[in-house]
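User: Please take a close look at a single part of this model. I would like to know how the aromatic rings pair there and what surrounds them.

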Amino acid sequence: MTLIWNKKAECLLPKEKEQLQLERLQNIVKYSYERIPYYKKAFDKAGVKPSDIKKMKDIEKLPYTSKADLRDAYPYKMFAVPMSEIVEIHTSSGTTGRPVVMGYTLGDIELWSEVMARSLTMAGCTKNDIVQNAYGYGLFTGGLGIHYGARKIGANIVPISAGNTKRQLEVMRDFGTTIITCTPSYTLYLAEAAKEEGVDLKQLKLKAGVFGAEMWTEKMRDEIEKRLHLSALNIYGLTEIIGPGVAQECGVKTGLHFQEDVFFPEIISPETLEVLGGGHKGELVITTLTREGTPMIRFRTKDITALRHGECKCGRTTVKMDRITGRSDDMLKIRGVIVFPSTIEKALLEIKGIEPHYKIIITRPHQLDELEIQVEASPALFSDEIRHMEEAKKNIEDHVEKTIGLRAKITLVEPKAIPRSEGKAKRVFDMREIK
Ligand SMILES: [Zn+2]
């Protein structure tokens with residue numbers, strides 16, 4: 001039997017859904033226009049008034065909001081309510097420039113708890129489960145988001161936060177953890193560390209893992225499921241919208257259910273900015289339909305995906321989003337060829353004898369881009385004859401070239417040579433100096 005947290009919201013008929021979305025869109029557009037000077041200015045400039053939104057398609061009249069707009073509003077200029085109504089603040093990781101600051105009212109925390117309860121339920125979580133939450137607690141939204149959802153369900157939360165791998169494994173074994181939540185790269189690290197610590201993963205009670213906050217592939221899922229003996233599910237979210245819980249995979253594993261009664265998704269072409277129809281791959285744009293503290297109108301996520309309509313085998317009717325395959329700003333252009341790091345990962349994991357740990361390094365030594373991929377050899381391959389290592393290297397080079405259309409220099413490194421991360425893994429090192 002499939003568990004569904006909120007049948008009313010997750011199994012709406014198309015007509016009911018559109019009616020609900022439209023009412024909420026009209027409200028949030030008016031609310032944002034009246035309360036946030038940034039939106040008033042942006043809508044006026046685009047020549048659109050809240051009363052112009054008469055059908056869902058009218059959303060296309062509204063201007064996009066970018067991360068740069070949010071940075072300019074630092075720290076509180078995107079807040080729609082007085083500070084006395086804000087109960088929590090989170091920021092998105094600012095790798096460049098100022099962080100983006102988002103405010104949550106009590107209503108927003110309830111919204112977040114609700115979508116996270118729906119998400120964890122998709123992973124089979126009930127009040128009988130023990131959720132080991134290894135996402136970081138703090139300004140990063142991962143930890144608290146999962147926490148609120150698990151609490152709403154009434155599950156037993158172990159708020160261990162990120163890091164301290166040895167302790168994570170002890171807790172997993174001694175407390176009888178049934179659901180683990182962390183980044184996919186950290187999961188693989190846990191599996192590796194388990195061997196060293198003498199923890200037998202087969203003996204644990206783990207049944208599911210909710211993995212997100214970084215891009216990963218189907219092959220990576222296979223690896224995780226094989227090594228940890230659990231069902232690995234993909235979660236999606238971002239601080240600008242709410243945090244984790246914007247979309248989540250159900251047990252069918254053919255895409256992530258988007259919580260579209262509260263977050264409205266669109267797919268646009270990142271080049272022409274026009275809205276693309278169902279099934280097309282492009283950049284995801286999201287409008288929060290009920291957010292109170294910091295409502296977002298048509299926020300450009302930069303994440304590349306596609307939306308698939310139709311009812312899922314699990315019974316939910318919410319639109320499904322493909323696994324994120326890249327970011328419009330992470331897209332690498334190497335010798336004029338467009339390459340997404342996720343495509344490289346997919347190619348690497350299709351090859352036997354190597355481990356799912358790698359680094360992509362791009363340099364420009366003589367005015368020409370060079371692509372190097374460092375990948376760990378499996379212990380068996382590494383202790384094999386040099387001749388076999390050379391053969392393997394060539395095989396990988398051929399396979400990568402066939403997949404991405406570029407020849408890369410493959411360097412096989414010894415097992416565990418690539419640094420492990422306890423949070424988001426950094427895998428791409430673009431060292432080109434453009435002169
Ligand atoms: Zn489903």
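Analyst: A residue counts as buried under 20% relative accessible area, exposed over 50% and partly exposed in between, with a 1.4 Å probe and protein chains only. The model is predicted, and local features need pLDDT of at least 70, side-chain atom pairs count only at pLDDT 80 or more, and totals for chains, interfaces and linings use all residues. Residues are numbered from 1 along each chain as its sequence is written, and side-chain values use heavy atoms, with hydrogens and water left out.

Helices are DSSP runs of H or I with at least four residues, and strands are E runs of at least two, numbered from the N terminus. Helix 5 (residues 106-122) packs against helix 6 (residues 141-153) at an angle of about 75°, and their axes are 7 Å apart. Axes are lines fitted to C-alpha atoms, for helices over the stretch in contact, and angles run from 0 to 180 degrees between N-to-C directions. Helix 5 is therefore roughly perpendicular to helix 6, a label used for 65 to 115 degrees; under 35 is roughly parallel, over 145 roughly antiparallel, and the rest oblique.

Contact means heavy atoms within 4.5 Å. Helix 5 contributes residues including Ile109, Trp112, Met116 and Leu120, and helix 6 contributes residues including Leu144, Ile146, Tyr148 and Ile153. Sorted by class, the contact has ten nonpolar, five polar and three charged residues. Nonpolar covers Ala, Val, Leu, Ile, Met, Phe, Trp, Tyr, Cys and Pro, charged covers Asp, Glu, Lys and Arg, and polar covers the others, Gly among them.

Two of these contact residues, Trp112 and Tyr148, also form an aromatic pair. Rings of Phe, Tyr and Trp (its six-membered ring) pair if their centres lie within 6.5 Å; planes under 30 degrees apart are stacked, over 60 edge-to-face, and the rest tilted. The whole structure has eight such pairs. The ring centres of Trp112 and Tyr148 are 5.6 Å apart with planes at 70°, so this pair is edge-to-face. Because Trp112 lies in helix 5 and Tyr148 in helix 6, the pair ties together parts that are 36 residues apart in sequence. Both Trp112 and Tyr148 are buried.

Tyr186 is buried, at a relative accessible area of 0%, whereas Tyr189 is partly exposed at 24%.
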